[in-house]
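Please have it open as you read, and take the points in order.

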Amino acid sequence: MTNIYLAGPFFDDEQLERIGRAEKALAANPQVNRVFSPRLNEVRDFEMGTPTWCAKTFKMDTDQIDAADVVVALADYVDDQVDSGAAFEIGYAYHSHTPVVLVHEKDNIVNLMLAESLQAYLTQADALATYDFATLPANRYEGEVI
């Protein structure tokens with residue numbers, strides 16, 4: 001059974017809908033044991049944005065990436081700029097030798113650093129319901145990069 005860290009922004013309605021679909025698809029996958037979604041696990045004991053809240057959030061999220069078997073990341077772009085928090089989480093996972101499955105539903109160019117760091121590239125969050133997390137089949141991004 002696989003433990004997942006779900007990386008991705010959740011700042012507007014479109015992003016919330018997309019991350020919700022990913023959470024639902026992962027919950028439907030019988031190989032998935034646990035999903036840690038920062039959206040559902042926000043630090044509430046301290047005021048958002050304070051130094052203590054920032055430190056606690058950073059520590060919680062990096063600890064959860066360390067505990068994950070796989071990071072599933074939603075590539076959400078504004079123009080050609082990926083969410084900086086998700087980009088950090090992908091880089092942290094890659095450096096920690098944690099496989100990254102990238103879900104990229106938008107029709108834009110993928111940053112080469114993301115493209116080169118991933119184990120698998122999916123174009124629909126719904127595909128997470130049937131993705132084989134036991135063997136992690138490779139599926140490289142073959143498109144244009146920036």
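1. The lining of the largest pocket is made up of 13 nonpolar, five polar and four charged residues. In this count Ala, Val, Leu, Ile, Met, Phe, Trp, Tyr, Cys and Pro are nonpolar, Asp, Glu, Lys and Arg are charged, and the others, Gly among them, are polar. A pocket is an open set of points on a 1 Å grid over the protein atoms alone, where a 1.4 Å probe fits, with protein on both sides within 12 Å along at least five of seven lines; lining residues have an atom within 4 Å of a point.

2. Before going on, please note that this is a predicted model, where local features need pLDDT of at least 70, side-chain atom pairs count only at pLDDT 80 or more, and totals for chains, interfaces and linings use all residues. Residues are numbered from 1 along each chain as its sequence is written, and side-chain values use heavy atoms, leaving out hydrogens and water.

3. How much space lies in the largest pocket? About 470 Å³, a volume being the space filled by probe spheres set on the points, which are joined across faces, edges and corners. Of its 22 lining residues, Phe10, Pro38, Thr57, Asp61 and Glu89 are the closest to the centre. Helix α2 gives the most to this lining, with eight residues. Helices (H or I, at least four residues) and strands (E, at least two) are DSSP runs, numbered from the N terminus.

4. The second largest pocket has a volume of about 180 Å³. Among the 13 residues lining it, Ala87, Asn111, Leu112, Met113 and Leu114 are the closest to its centre. Helix α4 supplies the largest share of this lining, five residues.

5. Now look at the sheet: five strands form it, open and parallel, in the order β2-β1-β3-β6-β7. Strands pair if DSSP finds at least two bridges between them. β2 (32–36) and β7 (120–122) stand at the edges with a single partner strand each, so one side of each has no neighbour in the sheet. Inside the sheet, four bridges join β3 (residues 70–74) to β6 (residues 100–103), and Leu74 stands opposite Val103 in β6.

6. The term means a side-chain nitrogen of Lys or Arg within 4 Å of a carboxyl oxygen of Asp or Glu. A search of the whole structure finds eight salt bridges.
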